[in-house]
Amino acid sequence: MPRKLAAGNWKMNGLRASLAELKTLEERHDDASVDILICPPATLISACKDMLFDIGGQDCHSATSGAHTGDLSAQMLADAGASHVLTGHSERRTDHGEDNATVAAKSRAAYAADLMAVICIGETLEERESGSTLSVIDTQLAGSVPDAATAQNTVIAYEPVWAIGTGKVPTLDQIGEVHAHIRARLTDRFTDGAEMRILYGGSVKGSNAADIFGVPHVDGALVGGASLKADDFSPIITALEKA
């Protein structure tokens with residue numbers, strides 16, 4: 001089985017002074033039995049590249065270069081020291097109008113740059129309440145995950161949009177239903193789909209992490225706000241190590 005993964009998405013947070021939190025985290029988990037990924041703002045990637053953790057970008061453009069002011073290519077992220085990149089996060093889908101085809105194109109760009117794509121999927125509250133969660137997941141998996149995806153270049157992150165940063169968390173049964181569904185779809189489509197890691201994200205914290213990590217097919221977490229402070233992220237990592 002692949003090593004489990006604790007990933008932290010700092011979003012638009014963090015200055016150079018914030019690196020002290022990563023130093024503390026590094027001291028606490030220098031021999032971690034799980035993989036640890038930090039996705040800081042792009043301004044900090046180079047400053048983080050010599051740390052023990054994997055470092056990722058929060059987004060990339062699908063093109064390798066060109067007239068795309070303000071954007072970063074996957075190659076640029078790799079050159080700065082990143083090994084991973086998030087694609088399709090709900091905030092990109094919502095704030096920037098990214099559709100499944102765009103997410104797939106960005107993921108293919110990540111592969112071309114030898115980056116691991118962490119492809120994010122998840123339903124809105126309206127979709128959850130209408131009973132369409134699994135059909136939404138099917139559409140996003142089919143449209144966002146390229147045919148070239150493997151367990152070596154792709155991680156899937158299930159983040160119910162309504163649980164991100166809200167403090168609301170799906171029941172363990174709801175998490176289990178979606179993760180089992182994702183696993184079945186990956187296994188049907190890819191020869192190594194059983195080995196692809198599936199992360200859960202959405203208001204994960206130290207107090208609920210152990211329960212979430214006990215759910216079948218949950219191979220780790222994509223954590224937002226709780227990854228900004230070592231005191232908050234460290235218990236999540238520890239819970240994953242014990243899972």
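The lining of the largest cavity has 6 nonpolar, 1 polar and 2 charged residues. Here Ala, Val, Leu, Ile, Met, Phe, Trp, Tyr, Cys and Pro count as nonpolar, Asp, Glu, Lys and Arg as charged, and the others, Gly among them, as polar. The model is a predicted one, in which local features need pLDDT of at least 70, side-chain atom pairs count only at pLDDT 80 or more, and totals for chains, interfaces and linings use all residues. Residues are numbered from 1 along each chain as its sequence is written, and side-chain values use heavy atoms, with hydrogens and water left out.

A cavity is a set of points, on a 1 Å grid over the protein atoms alone, where a 1.4 Å probe fits but cannot get out. A pocket is an open set with protein on both sides within 12 Å along at least five of seven lines. Lining residues have an atom within 4 Å of a point. Grid points are joined across faces, edges and corners, and a volume is the space filled by probe spheres set on the points.

The volume of the largest cavity is about 30 Å³. Its lining consists of Trp-10, Glu-21, Leu-22, Leu-25, Ser-227, Leu-228, Lys-229, Ala-230 and Phe-233. Helix H1 (19-28) and helix H10 (230-242) each supply at least two of the lining residues. The largest share, 3 residues, comes from H1. Helices (H or I, at least four residues) and strands (E, at least two) are DSSP runs, numbered from the N terminus.

The largest pocket holds about 570 Å³ of space. It is lined by 22 residues, and Lys-11, Met-12, Gln-58, Asp-59 and Arg-92 are the closest to its centre. Helix H4 (residues 90-95) gives the largest share of this lining, 3 residues. By class, the lining of the largest pocket divides into 8 nonpolar, 8 polar and 6 charged residues. The second largest pocket holds about 210 Å³. Of its 19 lining residues, Gly-165, Val-223, Gly-224, Gly-225 and Ala-226 lie nearest its centre. Its lining has 7 nonpolar, 9 polar and 3 charged residues.

Strand pairing was examined next. Two strands pair if DSSP finds at least two bridges between them. Strand E2 (residues 35-39) and strand E3 (residues 54-57) run parallel and are joined by 2 bridges. Leu-37 stands opposite Asp-54 in E3. E3 also pairs with strand E4 (residues 84-87), in the parallel sense, over 2 bridges. There, Gly-57 stands opposite Val-85 in E4.

Strand E6 has pairings of its own. Strand E5 (residues 116-121) runs parallel to E6, and 5 bridges join them. Cys-120 has Ala-157 in E6 as its bridge partner. E6 and E7 pair in the parallel sense over 4 bridges. Ile-156 stands opposite Ile-198 in E7.

E6 is mostly covered, with 5 of its 5 residues buried. Buried means under 20% relative accessible area, exposed over 50%, and partly exposed in between (1.4 Å probe, protein chains only). In a regular strand the side chains alternate between the two faces of the sheet. Both faces of E6 are covered. Thr-154, Ile-156 and Tyr-158 are buried on one side, and Val-155 and Ala-157 on the other.

The whole structure contains 1 aromatic pair. Tyr-158 and Tyr-200 form this pair, which is tilted, at 6.1 Å centre to centre and 55° between the planes. Tyr-158 lies in strand E6 (residues 154-158) and Tyr-200 in strand E7 (residues 197-200), so the pair ties together parts that are 42 residues apart in sequence. Rings of Phe, Tyr and Trp (its six-membered ring) pair if their centres lie within 6.5 Å. Planes under 30 degrees apart count as stacked, over 60 as edge-to-face and the rest as tilted. Tyr-158 is buried, at 0% relative accessibility. Tyr-200 is also buried, at 0%.

The cysteines were checked for disulfides. A disulfide is a pair of cysteine sulfur atoms within 2.5 Å. By this rule the count is 0. The sulfur of Cys-60 is 12 Å from the closest cysteine sulfur, in Cys-39, which is too far for a bond. For Cys-120, the closest cysteine sulfur is also in Cys-39, at 8.8 Å, again too far for a bond. Cys-60 is buried, with a relative accessible area of 1%. Cys-120 counts as buried too, at 1% relative accessibility.
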